[in-house]
Amino acid sequence: MFRKFTKEDIHSRSKVKSSVQRTLKAKLTSQYPKLEDVIDELIPKKSQIELIKCEDKIQLYTVDGEVLFFQKFDELIPTLRLVHRFPEAYPTVQVDRGAIKFVLSGANIMCPGLTSPGAKLPDAPGFEKDSIVVITAENKDSALAIGKLLMSTEDIKSINKGHGVEMIHHLGDPLWNFTTD
Amino acid sequence: MSLREVVYCGVCSYPPEYCEFTGKLKRCKVWLKENHPDLYTKLYGESDAADVDIVAGKLAESSIGEAREEKLEKDLLKLQTKEENREQRELAKKLASKVIIKREARTKRKYIIAISGLEVFEIDMKKLAKTFASKFATGCSVSKNAEKKEEVIVQGDVLEEVEAYIHSLLKEKGLKDVKVETIDSAKRKKKPTEGAANTAGK
């Protein structure tokens with residue numbers, strides 16, 4: 001999604017009203033319930049969220065100049081910087097060591113990389129198709145990418161072929177290097 | 001439950017665990033050793049001499065099989081050398097190129113300063129123009145010159161000040177040896193009336 005993303009893709013920047021900010025926070029906690037305890041730490045009440053509208057109807061939300069989450073359609077997707085600060089709150093899958101290289105260059109994740117011994121998928125019932133997952137790697141603590149499941153985790157286990165996760169955001173992509181100003 | 005403080009590598013901006021995949025591992029290691037020695041020992045072991053053991057340990061604990069692991073290591077090494085070569089090339093290019101500051105006459109006693117050759121040094125021209133504009137209280141903009149290259153145009157006779165500022169800017173970036181050339185195409189203290197009289201006499 002952020003394969004090509006530069007300053008020219010920004011259409012407008014605006015400050016978010018505090019009422020909208022409240023609903024945003026509520027939405028974020030309803031999507032990721034575990035965030036509730038720390039949401040006030042992430043987005044303090046006094047802080048000002050800024051909304052950056054970009055090409056392709058991508059909307060970025062920044063707090064104090066740092067992009068914390070973004071939105072393509074309805075769903076709010078956290079950025080890796082947010083994930084790193086509170087990794088427990090999101091559905092997570094793990095890839096094996098061999099896959100890291102490809103993930104970091106922005107490839108979609110193939111099923112075998114998710115099912116091999118070094119990888120980890122949640123036990124049944126797992127996650128639905130189209131849900132947003134955080135991707136970590138074997139022997140690593142921090143997440144390295146965020147993607148969207150192209151099939152449910154159970155399907156990945158049984159079919160074990162083809163694309164399993166669509167890449168949305170990974171370490172080193174333009175969004176990762178993005179700074180406001 | 002509370003937020004984690006995350007350390008990001010100062011060289012490649014990734015979390016330190018992923019430094020090995022960027023091809024800048026050597027510099028990352030140096031940075032980490034200086035800034036977060038505890039993390040360094042955790043990730044890379046006590047001393048450099050133990051490197052072989054670490055590799056062996058990695059092979060043992062990795063699940064993707066020795067053959068694949070070896071291939072991965074090889075690929076990473078290749079990436080690293082590639083990256084290093086690229087960096088060297090870039091540095092050489094930077095050292096070879098120079099900044100040109102030009103002073104041009106406009107009408108009568110008015111001058112502009114044109115600064116070109118900045119794009120190699122990753123200096124944001126627009127930002128620079130803005131700082132010049134407020135620093136010297138003049139108009140300053142980025143425009144394309146005759147060779148279709150971007151240059152910063154400062155209105156006003158501020159050659160020395162600009163030169164000093166560019167020098168300090170380059171120093172900050174650690175590029176002290178870069179040449180900064182100043183061209184004064186309009187001679188100072190040249191009396192315009194004299195020239196006018198000469199042409200009139202002919």
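Strand β9 (residues 143–149) of chain A is mostly covered, with six of its seven residues buried; a residue counts as buried if 20 or more other C-beta atoms, placed from the backbone, lie within 10 Å of its own, as exposed if 12 or fewer do, and as partly exposed in between. Helices (H or I, at least four residues) and strands (E, at least two) are DSSP runs, numbered from the N terminus. The model is predicted: local features need pLDDT of at least 70 and side-chain atom pairs count only at pLDDT 80 or more, while totals for chains, interfaces and linings use all residues. Residues are numbered from 1 along each chain as its sequence is written, and chains are lettered from A and ligands numbered from 1 in the order in which they are written.

β9(A) pairs with two strands, where pairing requires at least two DSSP bridges. With strand β8 (residues 132–137) of chain A the pairing is antiparallel over five bridges, and Ile132(A) has Lys148(A) in β9(A) as its bridge partner. β8(A) and β9(A) form a hairpin with five residues between them, and Asn139(A) in the turn has a positive phi of about 65°.

A nonpolar core is taken as a set of buried Ala, Val, Leu, Ile, Met, Phe, Trp, Tyr and Cys residues joined through C-beta atoms within 7 Å. The largest such core has 53 residues, and those with the most contacts inside it are Val95(A), Val103(A), Ile135(A), Leu144(A), Ala145(A) and Ile146(A). Two residues are in contact if their C-beta atoms, placed from the backbone, lie within 7 Å. Neighbours within four places in sequence aside, the contacts of Val95(A) include Ile100(A), Val103(A), Ile109(A), Ile135(A) and Ala137(A). A second, separate core has 17 residues, among them Tyr111(B), Ile153(B), Val162(B) and Leu170(B).

In α4(A), the buried residues include Arg97(A), Ile100(A) and Val103(A). Gly106(A), just after this helix, takes a positive phi of about 95°.

The contact between the chains takes 24 residues from chain A and 17 residues from chain B. On the side of chain A that touches chain B, α2 (39–42), α3 (80–85) and α4 (97–104) of chain A each supply at least two residues. The largest share of this side, five residues, comes from α4(A). The residues of this side of chain A divide into eight nonpolar, seven polar and nine charged (Ala, Val, Leu, Ile, Met, Phe, Trp, Tyr, Cys and Pro count as nonpolar, Asp, Glu, Lys and Arg as charged, and the others, Gly among them, as polar).

Chain B contains seven helices and five strands, and 18% of its 202 residues count as buried. Its five strands form an open mixed sheet in the order β3-β4-β2-β1-β5, with β3 (140–144) and β5 (179–184) of chain B as the edge strands. Neighbouring strands of this sheet are turned by 25° against each other on average, direction ignored. Helix α6 (residues 159–172) of chain B packs on the sheet, touching β1 (98–105), β2 (111–116), β4 and β5 of chain B, and its direction makes about 165° with that of β1(B); axes are lines fitted to C-alpha atoms, for helices over the stretch in contact, and angles run from 0 to 180 degrees between N-to-C directions. β3(B) and strand β4 (residues 150–155) of chain B run antiparallel and are joined by five bridges, with Val142(B) partnered by Val152(B) in β4(B).
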